[in-house]
Amino acid sequence: MWGDGSYHEERSPPLEQVWRESHDPDLLIAVAVAMAKIGAPSATDSLLSAALMDDGKDDVRKRAALGVLEKVYTRNAVPAVAALLANQQSATPASTLAGGVLVGIGDPSAAKALLGWLQVADASAAIAVRTFVARTRTPELLAAWGAALDSKTVFRSEEIRATIRAALPDYAHNHSSAH
């Protein structure tokens, strides 16, 4: 990865063209993997859109996107993922998917976007929080969870803070016993 958070984004446009135009399931899976690993904002947006399709017309593309979004790790993907959360105040398939991708990225910008959403979300988001904390893999995100416990951090629903507080000891236990 380059210092600016990108990883060969110049390779993304032709992959995105194949993603839009192909109907070959094997090719779509391979292209989706490459798009996710590059993490260009436009490619990430295409994968997120495909993963959230409910029309039943393009299930191959949807399954391919759902299968690779956990491979998105570049911080340049954060704005595309965070945009999904912009108008979400409840736990929805879109917000849960976006939150999971941000956890996978785990850098300070992803942590800020995720915690920003959780601060305005209602109590329905608390269910996803336990999974988000359990999947944490970076010290930056772990620090953000700890900072969220500070009473100066305002949450629309205190149930979210309570869930973070309850999930952190489980995280610590699971990660200390693994070593």
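1. Helices α6 and α7 are roughly antiparallel to each other, a label given to angles over 145 degrees. In this predicted model, α6 covers residues 93-105 and α7 covers residues 108-120; the two pack at an angle of about 150°, with axes 8 Å apart. Axes are lines fitted to C-alpha atoms, for helices over the stretch in contact, and angles run from 0 to 180 degrees between N-to-C directions. Helices are DSSP runs (H or I, at least four residues), numbered from the N terminus.

2. The crossing of α6 past α7 is left-handed, that is, the near helix is turned anticlockwise from the far one by less than a right angle. On the α6 side the contact (heavy atoms within 4.5 Å) involves S95, G99, L102, V103 and I105, and on the α7 side A110, A113, L114 and W117. These residues comprise 7 nonpolar, 2 polar and no charged. Ala, Val, Leu, Ile, Met, Phe, Trp, Tyr, Cys and Pro count as nonpolar, Asp, Glu, Lys and Arg as charged, and the others, Gly among them, as polar.

3. On the basis of the model: this is a prediction, in which local features need pLDDT of at least 70 and side-chain atom pairs count only at pLDDT 80 or more, while totals for chains, interfaces and linings use all residues. Residues are numbered from 1 along each chain as its sequence is written, and side-chain values use heavy atoms, with hydrogens and water left out.

4. The largest nonpolar core contains 53 residues, and W19, L47, L118, W145 and I160 have the most contacts inside it. Helix α7 supplies the largest share of this core, 7 residues. Such a core is a set of buried Ala, Val, Leu, Ile, Met, Phe, Trp, Tyr and Cys residues joined through side-chain atoms within 4.5 Å; buried means under 20% relative accessible area, exposed over 50%, and partly exposed in between (1.4 Å probe, protein chains only). Beyond its neighbours within four places in sequence, L47 is in contact with W19, A32, M35, A36, A65, V68 and L69.

5. Helix α3 (residues 41-51) packs against helix α4 (residues 59-68) at an angle of about 120°, with axes 7 Å apart. That angle makes α3 oblique to α4, oblique being whatever is left once angles under 35 degrees (roughly parallel), over 145 (roughly antiparallel) and 65 to 115 (roughly perpendicular) are set aside. Residues L47, A50 and A51 of α3 meet R61, K62, A65, L66 and V68 of α4. This contact has 6 nonpolar, no polar and 2 charged residues.

6. Helix α3 also packs against α5: their axes come within 7 Å and cross at roughly 40°, and the two are therefore oblique to each other. Here P41, T44, D45 and L48 of α3 meet A80, V81 and L84 of α5. The residues divide into 5 nonpolar, 1 polar and 1 charged. In α5 (residues 78-85), V78, A80, V81 and L85 are buried, and their cover includes α3, α6 and α7.

7. E140 lies in helix α9 (residues 139-148) and counts as partly exposed because its relative accessibility is 38%. Not counting residues up to four places away in sequence, E140 touches G106, D107, P108 and A111. E140 and D107 are 33 residues apart in sequence, and 5.9 Å apart in space, C-alpha to C-alpha.

8. N87, in the loop between α5 and α6, is exposed, with a relative accessible area of 75%.
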